[in-house]
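Here are a few notes to read alongside the structure below.

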Amino acid sequence: MLDRVDAPSDQTLPRRIAHLDMDAFFASVELLRYPQLKGLPVVIGGGRRREDDLLLRLREAYPDREWATDSLDHIPVDFFPRLAGYTGRGVATTATYAARQFGVGSAMGLMKAAKLCPQAILLPVDFDEVKRISRLFKSTIREIAPVVEDRGVDEVYIDFTHVPGGQREGGRVLARLIQKSIFQATGLTCSIGVAPNKLIAKMASEFNKPNGISIVQPGDLQALIWPLPCRKINGVGPKADEKLQGHGIHTIGELAQRERGWLVEHFGKSYGAWLHEVSWGRDERVVQTESEPVSMSRETTFERDLHAVRDRAELGAIFTRLCQQVAADLSNKGYLGKTIGIKLRYDNFQSVTRDVTLDSFTADPATIRRQAGLCLKRVDLSRRIRLLGVRVGKLVKPGTDGSVPQVYSEPASPPPPRDKIRHDRNDLLFPELDG
Ligand code: DCP
Ligand code: MG
């Protein structure tokens with residue numbers, strides 16, 4: 001048989017991956033409701049929105065006028081609560097760009113924000129509206145580019161490679177179309193980075209915020225990526241950054257100059273090798289559409305490294321919560337899983353995983369916790385831990401393939417073979433994980 005030699009195959013197209021992130025998302029959602037606040041410093045924080053608070057006060061202040069939810073855009077700017085004089089323990093979830101000019105930002109205590117920008121307007125978050133707009137902007141993108149990976153309430157990855165316009169000007173043409181369509185559908189702006197992979201796209205979406213587009217080509221690594229601080233890498237947190245700084249590594253370029261072997265020696269086999277790859281801009285992860293998850297997991301990096309003995313209660317509680325969260329994720333998306341696993345990262349950044357495959361499928365939090373607890377007994381718990389994760393894999397979605405998998409109820413298999421760790425000791429460390 002002859003090979004086809006005509007039209008060039010799509011396979012020859014270079015990968016173009018976009019990361020899209022909404023601008024000042026929670027705050028922008030509030031500005032849709034109160035357009036009179038556009039351009040002003042607004043901080044979101046201090047609790048959930050109670051629909052009628054503002055209206056009640058308005059009716060008291062201006063009893064001669066009709067106030068309803070459709071007249072919110074007539075509320076005088078002076079009527080909105082200000083940050084000035086704020087006392088309390090509230091935290092800013094986000095702030096408009098006008099407020100950021102005063103140094104106010106996400107995760108800042110509201111008392112500190114009040115000192116920096118007392119005139120800022122303080123509004124609570126409306127989660128229902130945030131979720132509605134989140135669904136709306138994502139469905140708008142999917143109509144234009146079908147391969148979209150959901151990364152949370154206000155960000156997604158999009159595979160531009162095979163979408164019309166996705167290669168033109170490095171992806172700028174398609175990015176512009178998406179920005180325009182989202183603005184038409186929601187009234188909100190977003191920023192987009194287009195790059196050869198997710199890792200760089202994620203960094204690039206921040207380059208021109210707000211309402212910006214940044215294009216990064218493979219040849220731009222040295223000029224655009226290497227000057228950035230290591231902390232800009234999605235996956236380098238404050239702890240890892242501190243350790244890198246301790247070795248005199250401040251920028252991604254400096255990281256790239258270290259030998260892979262040196263990084264592995266100091267940061268562990270998997271994290272060290274990963275650091276090396278990312279510093280050279282390499283990342284092969286595909287854009288994972290929601291329809292076919294391979295596994296679901298939850299993990300958390302602790303505020304401080306925890307020890308299995310000294311922080312037993314705290315660690316046990318976190319572990320249980322992770323199991324409950326994974327179980328909830330499974331139920332919410334309608335999945336059951338067969339493989340339960342854990343991941344630990346020690347204080348020296350070395351990671352270990354353990355898993356067990358059950359005889360039948362489950363989404364039951366207690367079962368997941370029990371099995372994950374057994375996995376935990378197979379690892380070294382004498383060292384301090386910086387990260388803990390729980391994963392459920394081998395997923396099925398009952399009803400999608402005509403078969404209904406049996407739901408797991410009781411342990412069907414004996415505990416996995418014991419390895420060199422002393423279990424009597426770990427039993428002692430995590431007695432509450434046995435139940
Ligand atoms: N958020 C939160 N707590 C944080 C950070 C963010 O609740 N510590 C919420 C509020 C943000 C939303 O998540 O509006 C999205 O987070 P981003 O980091 O994307 O921040 P913004 O969209 O607000 O701003 P930016 O324009 O920098 O993306
Ligand atoms: Mg955002």
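**Notes on the predicted model**

1. Of the 435 residues in the chain, 33% are buried; a residue counts as buried if 20 or more other C-beta atoms lie within 10 Å of its own, as exposed if 12 or fewer do, and as partly exposed in between, with C-beta atoms placed from the backbone. This is a predicted model, in which local features need pLDDT of at least 70 and side-chain atom pairs count only at pLDDT 80 or more, while totals for chains, interfaces and linings use all residues. Residues are numbered from 1 along each chain as its sequence is written, and chains are lettered from A and ligands numbered from 1 in the order in which they are written.

2. The chain holds 15 helices and 12 strands. Helices (H or I, at least four residues) and strands (E, at least two) are DSSP runs, numbered from the N terminus. Among contacts between residues at least 6 apart in sequence, 70% join residues at least 24 apart; a contact here means that two C-beta atoms, placed from the backbone, lie within 7 Å.

3. Which residues come nearest to ligand 1? They are Phe-25, Phe-26, Thr-93, Thr-94 and Ser-106, out of 14 residues around the ligand. Strand 1 (17-22), helix 1 (25-33) and strand 3 (92-95) each give two or more residues to this shell. A residue is near the ligand if its C-beta atom, placed from the backbone, lies within 6 Å of it.

4. Ligand 1 lies between domain 1 (17-21 + 129-219) and domain 2 (26-126), because both give residues to its shell. The domain bounds come from an automatic or database domain assignment. By class, the shell has seven nonpolar, three polar and four charged residues. Ala, Val, Leu, Ile, Met, Phe, Trp, Tyr, Cys and Pro count as nonpolar, Asp, Glu, Lys and Arg as charged, and the others, Gly among them, as polar.

5. Next, please look at the open sheet of four strands, which has the order 9-12-10-11 and antiparallel pairing. Two strands pair if DSSP finds at least two bridges between them. Strand 9 (295-306) and strand 11 are at the edges with a single partner strand each, so one side of each has no neighbour in the sheet.

6. Strand 10 has antiparallel partners in strand 11, through eight bridges, and in strand 12 (residues 385-393), also over eight bridges. Ile-342 stands opposite Arg-354 in strand 11.

7. Strand 10 and strand 11 form a hairpin with four residues between them.

8. Ala-107 is found in the loop between helix 3 (97-100) and helix 4 (110-116), and it counts as exposed because it has 9 C-beta neighbours inside 10 Å.

9. Helix 12 (residues 269-279) has several buried residues, among them Tyr-271, Trp-274 and Leu-275. The buried residues of helix 12 pack against helix 7, helix 10 (252-256), helix 11 (260-267) and strand 11.

10. Finally, check the cis peptide bond from Lys-209 to Pro-210, with omega near -10°. Pro-210 is found in the loop between helix 7 (198-204) and strand 8 (213-215).
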